[in-house]
Amino acid sequence: MKISLNWLKDYVRLDASVDEICRAVTFLGFEVEQVIRTGAPELSHVVVGEVLVRDKHPNADKLSVCQVDVGPAGGVKTIVCGAQNYQVGDRVPVALPGAVLPGNFVIKQSKIRGQSSDGMMCSAKELGVAEDASGLLILTDRPALGTPINAVLPPGDVVFDIEVTPNRPDCLSHLGIARELAAWFRQELVYPEEKFNGDTGTTVRSDLLKSVEVEAPEDCPLYTAHVIAGVKVGPSPAWLQERLTAVGLRPINNIVDIGNYVMLEYGQPMHAFDARKLGGQRIVVRRARDGEKITTLDGKERALNSRMLVIADEARPVVIAGIMGGEDSGVSEATTDLVLEVAHFKRQSVRWTSKRLALASDSSYRYERGVDPHTALEAAYRAIDLILEHAGGRAVGPSFKIGGEAPWQREIVVTHDYICEKLGFEIPEADMETAFRALELTITRTEPTPARGTAWTVNIPSWRDDLDRPIDLVEEVLRIYGTEKIPAAVVQSPGLVGDDDPVMVFNRRVTDYLVGHDFHECVNYTLRPAAELRGWVSQTAAAELALANPFVEDQSHLRPTLVLGLLDTLRLNQSRGVPATRLCETGRVFVERNGQNLECAAVAFVMAEDTARRWRQRPAADFYTVKHHIEALAVAAGIDLSRQPLVPVVGSYNGWQEGHSAAAGEMAHGWGARFGLLNLAMVKSLGVEGKVYAGIFVILPEKLGAGLERRRYADFSLLPASWRDLAVVVDAATPAEEVRKTLAKLARAAAGSRFVLENIAVFDVYQGAGLPEGKKSLAFNLVFRAPDRTLTDEEVNPVFQKIQDDLVAATGYAIRK
Amino acid sequence: MQDLLTALVAKAAAEFTSLQSRPAFEAAKARYVGPNGEFTGLMKQMAGVPKEQRPVIGRLINETKGQIQTLLDTALARIEAAEMQAQLGPAIDPTLPSPDPGPGTHHPLTLVREEMCRILRKVGFTVADGPEVETEFYCFDALNTPADHPARDTQDTFYLPESARFGNVSKKDPGERYLLRTHTSSVQIRTMLKGPPPIRIVSPGRVYRRDTTDATHSANFHQLECLYVDKNVTVRDLKALLDYIFESLLGKATKTRFRPHYFSYTEPSFEVDLSAQHLPKVKKEWIEIGGCGMVDPTVFASVGYDPEVWTGYAFGMGLERLAMLLYGIDDIRYFYQNDLRFLKQFA
């Protein structure tokens, strides 16, 4: 809200500098967003002068040499001037040596092209009063010679653009801000003097307003209407226009301007009707009828409905209550008789209607935030005073007041010690009392307590609905005392330390792992476009993860995976010519499962082709590289992937390439992993070049929270092992793990209790010459060991033979000799 | 005999110095000291030496054996040294870059978050977390946000459709809507509902505002909030925490100030300004860095804590904003573009 300093000074003495006032406003709890200076600044040595003679400059075509009379300020001066818009006899502002014009422009006696000049004649821009730099400011009112220019120019003002917090609707007014500043500077607040007191004498002109009915008192608890007859509508006086202009309002006419002025003064919106345009001379405060229409002051036709409150005459709505008046019932040049409405409308009602119609005004803004109904009449009388003074006319009866202010009585009892306990430091009782009084929080009772210091009963004025509890007064005391005076202290931290949340621990661990493996950690947006989900995730995900009210089209869905964001990152870097290979990210993803969504923790990484040119080439990443990393990530979640069934991805779904990617886990068990080559077509369609390997591990946060079982130590033998190699020929499609498991089972059975199969691992995979079509050879290394002795060939050989015999017998596999 | 032995040593010395490989060495060794070697042959002749000459000849043979062994050791050492040298290949150029990619980098938001968490952990705060999909109760109602507050507008807050169901985000009331949390304060509510005070948590996390993306706004960004609930917590304690945080983060020259403000969930409430003109690109004397206040009794009541007994403070700030300040970054979008030239600057 824009607040004028000149205006504030009507109510409170403010000798402080603009900076000090800004500081006061700031520490009172309002933000000063901007300080705007208007009108002329203080200018010394700038006076009114008259051009007596204008001669062409002997050495310059565009300059003139003038004789200028500044009267008592120094007589006739010779001044060189470049302007063209003046004539001999014009009176103009003259800056004499010693003047400092805006922009720190110092005026000195000088020589211009060999001609001495005793000063400068000024344009409006040079004086800092307007933007007009086209020529000299001609003072058409012909003020006396030598008059200081500030006495001639409109006075300057300082306008503060202040952001008022939503709890302080009382400060959406000059009186409200003045009250706060009065409290800060410990000055008296002077209210406007009011002459009108509601008494209209004996004149009653019921022909102007016959009746006021309020049909919806729940939305309009108070409605007042006063009638003023015989006004003359015309321009407002200059001071009023200047004030409105300063705070950003356009002057219209004296009646409208006074309404706005009093609204900005008291924070109470009001509306003036042309009494003769009220059909039936009646006012009805009612709900609009569905489909009813009104053309508002801004010239737009608005369709209303039955939840909206309107002010109507006998036939039609004339105002949308608390928001905006109708075009044809307002005050015009022809208006002579007025009805002045000052009312209270419920904030919920105004807010709903304003939002529904997408129509806001200074009035609706105030009603939505809360207007104090107890100042309604005061504001009405103030407006009537100003109307009578500046537009003439007479207040005539009858006046109407329908409904009434909800009775206001609020007291808070607070003790000195309570306030100090909440603050953590001592403020003297006298300072607290000063703070209360300064804010017009009247102390109605002061009582000593045995152990809590003085107890005050504080009366809360009606405009401070935000003060309701003792804690609210703590803030008031601190505001006026000054938050800058909170004393320093050392942090007290009695031991409470717990564990960090498991999701955070997991994210740290996997990120550290990946960064340690040369990945760059990325952060991508959570919201993704619908088409991407439909194309590369699933139709159900696209349906279930949609936002109700997306802001932009390409951010309409919750992300079901981190991989797509990482592809964005790859594309961006590629398009900028920055080689990017290894990227990773942790964050929340949203997984659709059985018709409901799960919010999951996730970690993902991509490995793109290394496009950087290097003096020595390293082997490229492949499926088994990402398998290695995904296994490490699973360990951080307490999951051993080697004990989990791994399923090759069949069919190109979820963006993974068939035959080159795999999955493990299920959301039914709280986690899932996917890894391998990303679908080539997807990667291409998303604008990323080259093959991209990726992995993602997703887990429910609550699953991470489950405590891990403590591992138990198992004894191991210190004696030498016995090794055997075995190559098995199987169908090319048979998974190696299936063969390994079969072999391990048979080996354990064959060794029995004599010794153990310590390890069995595939060390060679071969397909091609020497093997039948469609077959492959898997070579395994078996490690046998006994706990108590060195194994001999005599012991191991028969067992190894039995394993081979059992394998051939139990499966269709062949032993490769 | 002596001549024979002397000649053998001379011959061995000549032969061994020219040995170039291990097989040649083994063959040469066999020729002298192997079962059929020349020296072995001479030793065998000892049997025919008269008894009285034996001590002399024996000493000679022992000396010769020692000399040959020394020659063999020397030759072997030379060959082994040559073998090791052969493993090495040409000398490296230490100035060539490593052809491996890397090193990896942590994102600047992670670095700032972790630094804050470390600072806070020293004074007893541990990390709490909560869902990003929230409900109206946890995000607004429990935080004393009135039902008609503009922050709850569909203008400003992302909502999920009425039909949306989240299996692992609990609702307080079955009728309430799911939304994307607008602040991490919802974590405070969930933490307080989970257990009794005292509580001292920091909750960093992602939040959402329905806002135009530009240099300073983003559809999602990150916040970090502190909550402390205990008996007799005061405004002065809160100020002490803020002073501690920013002195730890930015050095002793850093100052903070409180400006009274309004938040529905704290009373009194303050905005926190920071004076740290030693930071890059900081021109203003005071920079707004976050909001804080004493937990409003209404919030305690809504989580079942007795407001007469418990007191507390809360502080929240934007992580992007802090990172921008710390590093002198002037566009929030850089955090989400992940240009490697950007990411590599903070490792």
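Strands are DSSP runs marked E, at least two residues in length, numbered from the N terminus. The exercises below use a predicted model.

**Exercise 1.** State which strand of chain A holds Val53(A), and decide whether Val53(A) is buried, partly exposed or exposed.

Solution. Step 1: Val53(A) belongs to strand 3, residues 46-56 of chain A. Step 2: buried means under 20% relative accessible area and exposed means over 50%, with partly exposed in between. Step 3: Val53(A) has 32% relative accessibility, so Val53(A) is partly exposed. Step 4: together with Leu52(A) and Val76(A), Val53(A) makes a nonpolar surface patch of about 210 Å².

**Exercise 2.** Find which residues touch the most other members of the largest nonpolar core, and list what Leu558(A) contacts.

Solution. Step 1: this core has 195 residues, and those touching the most other members are Phe436(A), Leu558(A), Leu567(A), Leu241(B) and Phe246(B). Step 2: helix 8 of chain B (residues 235-250) gives the core its largest share, 10 residues. Step 3: neighbours within four places in sequence aside, the contacts of Leu558(A) include Leu527(A), Leu545(A) and Phe590(A) from chain A, and Val133(B), Leu160(B) and Phe166(B) from chain B.

**Exercise 3.** Describe the contact between chain A and chain B.

Solution. Step 1: 91 residues of chain A and 94 residues of chain B take part. Step 2: the two chains bury about 7900 Å² between them, with 54% of it on carbon and sulfur atoms. Step 3: of the area chain A buries against chain B, 9% comes from Val523(A), Tyr525(A) and Phe551(A), more than from any other three residues. Step 4: nine salt bridges are counted between the chains. Step 5: Asp100(B) and Arg618(A) form a salt bridge through their side chains, at 2.7 Å from N to O.

Technical notes:
Residues are numbered from 1 along each chain as its sequence is written. Chains are lettered from A and ligands numbered from 1 in the order in which they are written. This is a predicted model: local features need pLDDT of at least 70, side-chain atom pairs count only at pLDDT 80 or more; totals for chains, interfaces and linings use all residues. Side-chain values use heavy atoms; hydrogens and water are left out. Patches are made of residues with over 30% relative accessible area and no salt bridge: like charges are joined within 9 Å, nonpolar side chains (Val, Leu, Ile, Met, Phe, Trp, Tyr) within 5 Å. Accessible areas come from the Shrake-Rupley method with a 1.4 Å probe; for residues, only the protein chains shown count as cover. A salt bridge is a side-chain nitrogen of Lys or Arg within 4 Å of a carboxyl oxygen of Asp or Glu. Helices (H or I, at least four residues) and strands (E, at least two) are DSSP runs, numbered from the N terminus. Buried means under 20% relative accessible area, exposed over 50%, partly exposed in between (1.4 Å probe, protein chains only). A nonpolar core is a set of buried Ala, Val, Leu, Ile, Met, Phe, Trp, Tyr and Cys residues joined through side-chain atoms within 4.5 Å. Contact means heavy atoms within 4.5 Å. Buried area is the accessible area (1.4 Å probe) that two parts lose on being put together, summed over both.
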